Amino acid sequence: MLVRQYNLLLAVLLVATAGSAQATTSITTSAFGLHNTVRALGVAGADVGPLAEVSGTTSPGYAVTGEVLSHSSQTGLGVAFGDTSAPGRATSFDLGPLVSTSLNLSAGLIATAANANGTTPLDTSSGDASAVVNNFNLGLVTTTFGTDVPIITLSATQLRSQTQVQRTGITSSLSGSSEFTNLSLAVDGFSIITLGSNASVAANHVVYNLGGLSIVMNEQVSTGVLGGIERFVTNAMRISFNNYLVGGQSLSGDVIIAQSAGQMLIDPGAVVPEPATWLQMILGFGLVGLLARRKLRVA
């Protein structure tokens with residue numbers, strides 16, 4: 001009798017533990033080429049972008065692309081009077097009695113892509129996103145009676161970012177990378193960084209951080225797992241203004257170039273039987289049935 005009870009308990013445990021693997025319920029990937037949210041305090045304005053924005057979520061699997069053939073924009077950041085020299089920067093300028101400030105952006109072809117495989121929520125395993133911006137130019141300029149003073153100048157033949165999402169069994173992997181071709185950056189007339197063809201830098205490489213201006217290349221941001229969602233974002237470059245004083249104005253906001261992102265939604269309560277567990281489940285159900293038949297015969 002004791003042996004029969006032990007066998008029944010073993011069969012129940014085989015069935016109960018057979019499908020304990022954690023499930024990936026969906027993968028989301030997205031990308032855009034350019035987004036400008038820079039404002040001057042007290043000066044109205046409008047965002048530029050996100051340009052060529054694409055995104056997708058399984059299931060089923062998907063492959064989407066976006067494209068902007070060219071872009072050119074000028075964001076006015078206000079007009080100031082008097083001596084508006086900006087303390088805290090590497091250098092300052094006596095900008096004269098009448099100063100206007102503008103942020104000028106231009107780009108050639110902007111191309112984005114997002115994809116993931118999988119036909120049902122249970123067999124989704126991987127996805128990726130990419131963003132490429134060609135022939136990019138940025139200029140933050142102050143103008144006094146027609147004379148331009150460059151504050152920030154950036155040019156690049158190409159900026160690219162890519163983010164990958166991978167799920168194998170109960171293991172998740174999210175990663176990103178960026179690549180730069182013929183990039184040149186100067187702030188207040190001083191060269192900050194120059195790169196050649198197909199160059200790369202370390203993740204979250206800060207090339208400038210002074211006076212409320214921060215410039216980060218190959219920015220990689222991971223949220224970790226929060227509420228079952230794990231997200232990873234790669235920006236080829238982020239230029240951030242935080243009360244940055246220039247041209248008599250206080251600037252805040254971001255210019256983000258070539259962003260790609262991946263997100264994984266994990267349902268910890270879902271059960272996904274792996275191949276090795278199917279045999280375990282079959283043996284468990286079979287043992288339960290065999291014990292039940294023996295009990296009927298004894299009765």
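Which residues have the most contacts inside the largest nonpolar core? In this predicted model, local features were taken only at pLDDT of at least 70 and side-chain atom pairs only at pLDDT 80 or more, whereas totals for chains, interfaces and linings use all residues. Residues are numbered from 1 along each chain as its sequence is written, and side-chain values use heavy atoms, with hydrogens and water left out.

The largest nonpolar core has 56 residues, and those with the most contacts inside it are Phe136, Leu140, Leu183 and Ile257. A nonpolar core is here a set of buried Ala, Val, Leu, Ile, Met, Phe, Trp, Tyr and Cys residues joined through side-chain atoms within 4.5 Å. Buried means under 20% relative accessible area, exposed means over 50%, and partly exposed covers the values in between (1.4 Å probe, protein chains only). In soluble globular proteins, nonpolar side chains tend to be buried together. With neighbours within four places in sequence set aside, Ile257 is in contact (heavy atoms within 4.5 Å) with residues including Leu34, Val133, Phe136, Leu154 and Leu159.

Strand E9 spans residues 126-144. Strands, marked E, are DSSP runs of at least two residues, numbered from the N terminus. Of the 19 residues of E9, 14 are buried, so the strand is largely enclosed by the rest of the structure. Two strands are said to pair if DSSP finds at least two bridges between them. E9 pairs in the antiparallel sense with strand E10 (residues 147-168) over 18 bridges. In this pairing, Thr163 of E10 is the bridge partner of Ala129. E9 and E10 form a hairpin with 2 residues between them, and Phe145 in the turn has a positive phi of about 50°.

Antiparallel pairing of E9 was also found with strand E7 (residues 98-107), over 7 bridges. Here Leu103 stands opposite Leu140 in E9. Strand E8 (residues 110-116) pairs with E9 in the antiparallel sense over 7 bridges, and Ile110 stands opposite Val133 in E9.

Ser130 also belongs to E9. Ser130 is buried, at a relative accessible area of 17%. Apart from neighbours within four places in sequence, the contacts of Ser130 are Ala31, Ala111, Thr112, Ala113, Ser161, Gln162 and Ser260.

Several backbone features were also noted. Most residues other than glycine have a negative phi, and most peptide bonds are trans. The peptide bond from Gly49 to Pro50 is cis, with omega near 5°; Pro50 is found in strand E3 (residues 48-51). Asn198 has a positive phi, near 50°, and is placed in the loop between strand E13 (190-195) and strand E14 (205-210). Asn198 is exposed, with a relative accessible area of 54%. Ala258, in strand E17 (residues 249-267), likewise has a positive phi, of about 60°. Ala258 is buried, at 0% relative accessibility.

Val79 lies in strand E6 (residues 71-81) and is partly exposed, with a relative accessible area of 49%.

Definitions and conventions:
Helices (H or I, at least four residues) and strands (E, at least two) are DSSP runs, numbered from the N terminus.
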